[in-house]
Every structure is written in C-alpha cells, then in structure tokens.
Amino acid sequence: MKKYMIIEAPVCVGAPTVGTEEAYSALKSDLKSLFQERATFADFEGDRVLPEVLLDKRLIGYETVMNVSKGVREKYLEAFEKGYIPVTLGGDHSVVMGALAAVGETFGAENVALIYIDGHTDINTENTTLSGRIHGLPLAAAMGLCTPLLDVGKNRVDLYGRNTYIVGAHSIDPEEWGIMEKEGVTLYSPHAVRKLGYEKILSEILETVKDKKVHISLDVDVMDGSEFPATGYVMPGGLTFETVLNMMKFLSEKNVAVSLDFVEYNPSRDKDGSCKQKMLKLFETL
C-alpha cells in the first residue's frame, strides 16, 4: 500500500495574490478523513513570513519564498528516507523549487522527469520576468538558469529541460518561448490536449520518461476560470475540471509518480466551497 506525506507549503508572496497560503489548513481535516492511515501530515515548521529585504527588485518576497521552499525540501528528504511519497500542498507555485531540489538530490538530476500541469510555463528568469514574482521562475531556477540566490538545495541543477513536459499552459511570456526552445522543453497547449486527447499525450510522455523518476506538479489555474475560480489567476481557455481529473486518474493508475504538488488553490475565493470539493476529488485520484 502506498503511503503519502502531505506537506504544508504556506506561501503566497511568490505570487501577487493572497490566500493560497491557507490551502493546507482548509483541506487538512478532510484529507485526514480521506486518506486515513495512508497518509501522514507535515505541518510547516518555523516562520511563515519573513521581513522583506529586497536583495533584488526582480525577486519579490524572496526571503519568505526561500524559507518555505527550503522547508519543503527538508520534508521531501524525510519522506523519501521513510518510504513515503511526498505531496506538496500549497501555496503558490514557487514551492516546486523545494520539491525539485529534493527529488534532484535524491535521484540525480539526469534521472528526474517533470510533468507540469499548469496554465503557465513558469520558466522566466530574473532577467526576463515581467512581474518580479518568483512563482513565474521555478522551472528556470530548477534548471540552474537563474541567479544562485534561487538555489534551494545542494545542486545548481535539479532538472533538465529535455525531461520537462508542460501540459495545459496558455499564458506564456514572450521570452519564455525562447527559453523553452533552448532547453528542449516539450509543451502541450490546451488546444493540443483537446485535439489529441489527454491519453495520447500522457502515454507519449510516459513512454519517453519510463526510465526516469517522475514528479507531477498540478497548478489548478490550468483549469478554465469558469470551472475553477478559487485561484490567483482566473483565465479563460483552460482545461475542463473533468479533463484534469481524468489526467490525474490516468497518471495515478500508471503508478509513475515519486512525488507530487497540488498548488494555487485559494480558499478565500471559494465562496460556495465547490472548488474545495474539486480539490478533494483530485486528491482522491491518489
């Protein structure tokens, strides 16, 4: 029986909106009932918000983001040591830096593959970011393309672009296209998912990464804003909830993930609780 460590990642300052830092607190009780003995819960330890010392105006919220990401890394390493599958529950997507740092250190960057299900590509560097928000930089940071200030763990590089597959992104900054092309990142837009079908796309990815350790990272803003409004970026043109749910079921049935993220659910924007129920259905796929 697979067992999980569900890890709190209480940070929102990597993004411009407030509320995602409470996702873990909002879901913990229900997840305990759902998983029973199949999960342990790792509350975040230490300071949740640190005073802002603006080392670089392009890295807003740097101290808090790095503090939480380093905490996530530590919990991942503990989970791997104890035989759990670590699952990050955030929080903005900057926390994937901590997850990938631990996965890269544990298995070696060359052995890691990433399936990144997100409405954004998050592969800006501090030199290309338009907002200065770190949640738009984590993939570039994990690939060693950013300032060493964003190195979370021991490695400069924890992920290679050629082993990175982004599914569902459709809000992409101009310079991110060039970075993806240079690094060999594979992108499947929502249009591609609708045209080809998620099973064909995921099957192709899994065949390519069959010898890798796969981290799956789900940002709920990949879904169309009309179906999942409780997030920081409510965008049209995204995937349906049914498609995302079926994708997660498909990946779970293939038993490929060594670790996962569920990020950017904002309970403060979930007025009727419908998005909370969708989050629980997504977790049920595990």
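Hi everyone. Let's start with Asn255, which is exposed, at a relative accessible area of 53%. One thing to keep in mind throughout is that this is a predicted model. Asn255 sits in the loop between α8 (241-254) and β8 (257-263), and although it is not a glycine, its phi is positive, at about 55 degrees.

Now compare Glu264. This residue also is not a glycine and has a positive phi, of about 75 degrees. Glu264 belongs to the loop between β8 and α9 (274-284). So is Glu264 buried or exposed? Its relative accessibility is 2%, so Glu264 counts as buried, the limit being under 20%.

Let's go inside. The largest nonpolar core has 50 residues, and the members that touch the most others are Ile6, Ile117, Phe262, Leu282 and Phe283. Which element gives this core its largest share? That is α8, with 7 residues. Apart from this core there is another one, of 45 residues, including Leu59, Leu159, Ile166 and Ile179.

Setting aside neighbours within four places in sequence, its contacts include Val87, Thr88, Leu89 and Gly90, along with Leu218, Met248 and Met279. Leu282, Phe283 and Leu286 are also in contact with Phe262.

That brings me to the rings. The structure has 7 aromatic pairs. In one of them, Tyr4 and Phe35, the ring centres are 5.7 Å apart and the planes stand at 70 degrees, so this pair is edge-to-face. Tyr4 lies in strand β1 (residues 4-9) and Phe35 in helix α1 (residues 23-35), so to speak a link between distant parts of the chain, 31 residues apart. Both are buried, Tyr4 at 2% relative accessibility and Phe35 at 5%.

How are the rings of Phe262 and Phe283 arranged? They are stacked, because their planes are at 20 degrees, with the centres 4.1 Å apart. This pair, too, links distant parts of the chain: Phe262 is in strand β8 and Phe283 in helix α9, 21 residues apart. Phe283 counts as buried, at 1% relative accessibility. Ring pairs connect Tyr4, Phe35, Phe262 and Phe283 into a cluster.

Next, strand β4. Why can we call this strand largely enclosed by the rest of the structure? Because 6 of the 6 residues in β4 (residues 112-117) are buried. Val112, Leu114 and Tyr116 point one way, while Ala113, Ile115 and Ile117 point the other. As for its partners, β4 runs parallel to β7 (residues 213-219), joined by 6 bridges, with Ala113 opposite Val214. β4 also runs parallel to β5 (residues 164-167), through 4 bridges, and there Ile115 has Tyr165 as its bridge partner.

Helix α7 (residues 198-208) has buried residues as well: Ile201, Leu202, Ile205 and Leu206. They fall on the same side of α7, because they cover an arc of only 125 degrees around the axis. And what covers them? Among the elements are β4, β5, β6 (186-188), α6 (190-196) and α8.

Last, the cysteines. How many disulfides does the structure hold? The count is 0. Cys275 has its nearest cysteine sulfur, that of Cys12, 18 Å away, and a disulfide would need the sulfurs within 2.5 Å. Cys275 counts as buried at 1% relative accessibility, and Cys146 is buried at 3%.

Terms used
Residues numbered from 1 in each chain as written. Predicted model: local features only at pLDDT ≥ 70, side-chain atom pairs only at ≥ 80, totals over all residues. Heavy atoms only, no water. Helix = DSSP H or I, 4+ residues; strand = E, 2+ residues; numbered from the N terminus. Buried < 20%, exposed > 50% of the residue type's maximum accessible area, 1.4 Å probe, protein only. Core = buried A, V, L, I, M, F, W, Y, C linked by side-chain atoms within 4.5 Å. Contact = heavy atoms within 4.5 Å. Pairing = 2+ DSSP bridges. Arc of directions from axis to C-beta. Phe/Tyr/Trp six-rings, centres within 6.5 Å; stacked < 30°, edge-to-face > 60°.
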